[in-house]
Amino acid sequence: MGESIKEVRISRELLEYILDVARDFYPNEFAGFLREENGVFEEVLIAPAGHFGSSSVFFNTWMLPHDETIKGTVHSHPVPVATPSEADLSFFSKFGGVHLIVYWPFDEDSVVAYSSSGERLRIVVVD
Ligand SMILES: [Zn+2]
């Protein structure tokens with residue numbers, strides 16, 4: 001799908017799980033890697049706790065498992081801010097793929113998706 005992707009498909013079960021995890025981590029941020037199967041994000045690998053402070057999420061490429069099904073990332077904003085930070089945008093462009101941000105108060109609508117170039121993508125929740 002590459003850079004032309006305009007839409008992100010995610011299972012409802014995974015989205016609800018991610019929102020639960022974000023609430024559990026609050027007031028800290030969490031971050032994870034998203035695994036895709038048949039064009040739908042189905043699973044999240046939570047990045048090790050302790051690497052993330054309350055002000056910034058810090059990904060290192062050495063943390064990334066060797067896994068071809070990883071097609072994106074997710075992280076939480078413990079504030080009602082859906083827009084990516086400068087650091088987020090820099091990370092997105094290096095990582096490629098698609099990137100979800102879930103933000104306080106972590107309800108069903110508190111999720112946005114961006115391409116690696118920072119373009120807002122439509123989220124399709126798959127039952
Ligand atoms: Zn962020």
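**Zinc site and salt bridges**

Tutor: The angles subtended by the four donor atoms around the zinc ion run from 54 to 165 degrees, which makes the arrangement irregular. Please keep in mind that this is a predicted model.

Student: Which residues supply the protein donors of the zinc ion?
Tutor: The donor atoms lie 1.9 to 2.7 Å from the zinc ion. Along the chain they follow the spacing H-x1-H-x10-D.

Student: In which elements do histidine 75 and aspartate 88 lie?
Tutor: This pair links distant parts of the chain, 13 residues apart. Histidine 75 and aspartate 88 are both buried. Histidine 75 belongs to strand E4, and aspartate 88 to helix H2 (residues 86-95).

Student: How many salt bridges does a search of the whole structure find?
Tutor: Among them are arginine 9 with glutamate 7 and lysine 71 with glutamate 36. For the whole structure, the search finds nine.

Student: How far apart are the closest N and O atoms of arginine 122 and glutamate 7?
Tutor: A salt bridge requires a side-chain nitrogen of Lys or Arg within 4 Å of a carboxyl oxygen of Asp or Glu. Arginine 122 and glutamate 7 form such a bridge, and their closest N and O atoms are separated by 2.9 Å.

Student: Which residues are linked with Arg122 in a network of salt bridges?
Tutor: Glutamate 7 meets arginine 9 in a salt bridge at 3.8 Å, N to O, and also forms one with arginine 122. Arginine 122 is exposed at 52% relative accessible area, while arginine 9 is partly exposed at 35%. The residues linked with Arg122 in the network are Glu7 and Arg9.

Student: Is glutamate 36 buried or exposed?
Tutor: Glutamate 36, in strand E2 (residues 31-37), pairs with lysine 71 in strand E4 (residues 70-77), with their closest N and O atoms 3.5 Å apart. Lysine 71 is partly exposed, at a relative accessible area of 37%. Buried means under 20% relative accessible area. Glutamate 36 has 16%, so this residue is buried.

How values were computed
Residues numbered from 1 in each chain as written. Predicted model: local features only at pLDDT ≥ 70, side-chain atom pairs only at ≥ 80, totals over all residues. Heavy atoms only, no water. Buried < 20%, exposed > 50% of the residue type's maximum accessible area, 1.4 Å probe, protein only. Helix = DSSP H or I, 4+ residues; strand = E, 2+ residues; numbered from the N terminus. Donors = N, O, S within 2.8 Å, 3.2 Å for Na, K, Ca; no water. Tetrahedral: all angles 85-135°; square planar, octahedral: opposite > 155°, others 65-115°.
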